[in-house]
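Here are my notes on this model, as numbered points. Please keep the structure open alongside.

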Amino acid sequence: MKFLSRQFGELECADEHRISFPNGIIGFEEYTEFIIVHDEDAEPFRWLVSTQTEDLCFPLISPALVTREYQPALPPMGDEPYELFVIVCLRPTLGETTANLKSPLVITSRTRTARQVVLTDDHYSVAHKLF
């Protein structure tokens, strides 16, 4: 599959690399198909890029890199292995950049199905400073 991204230009991915968010992402529910782009120049960040519109791209980071104490109470996932990411809000300065620890993205490894989980625990913030 080939598609355009404003940030990365023309991209191509195999179907097995697509990630399906059946319910979308909060505020962007109409977009349900994405891929994760690994841009070595932006390490440790990844990019969640929509395959449906060239204008939608979210910077992601592993929450373990944000805080070692991140142990959210996730809904039951069964025995399926998964990856956990949080969306980053890039600001003009690194000191202002934040991560949304309140609503992590859970991506199942085998089915490549994902969802954004809104945690009920008040311990986590939608704007946790990265630095």
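Does Ser-103 count as buried or exposed?

1. Ser-103 counts as buried, because its relative accessibility is 5%. Here buried means under 20% relative accessible area, exposed over 50%, and partly exposed in between, with a 1.4 Å probe and protein chains only.

2. This is a predicted model: local features need pLDDT of at least 70, side-chain atom pairs count only at pLDDT 80 or more, and totals for chains, interfaces and linings use all residues. Residues are numbered from 1 along each chain as its sequence is written, and side-chain values use heavy atoms, with hydrogens and water left out.

3. Ser-103 sits in the loop between strand S8 (98-99) and strand S9 (105-108). Leaving aside residues up to four places away in sequence, Ser-103 touches Ile-26, Gln-116, Val-117 and Val-118. Contact means heavy atoms within 4.5 Å.

4. The protein chain has 11 strands and 1 helix. Helices (H or I, at least four residues) and strands (E, at least two) are DSSP runs, numbered from the N terminus. The order along the sequence is β-β-β-β-β-β-α-β-β-β-β-β. The radius of gyration is 15 Å, close to the 14 Å from the globule rule for 131 residues, so the chain is as compact as a globular protein of that length. That radius is taken over C-alpha atoms; the rule is 2.2 Å times the number of residues to the power 0.38.

5. Buried residues make up 44% of the 131 residues in the protein chain. Of the contacts between residues at least 6 apart in sequence, 48% join residues at least 24 apart.
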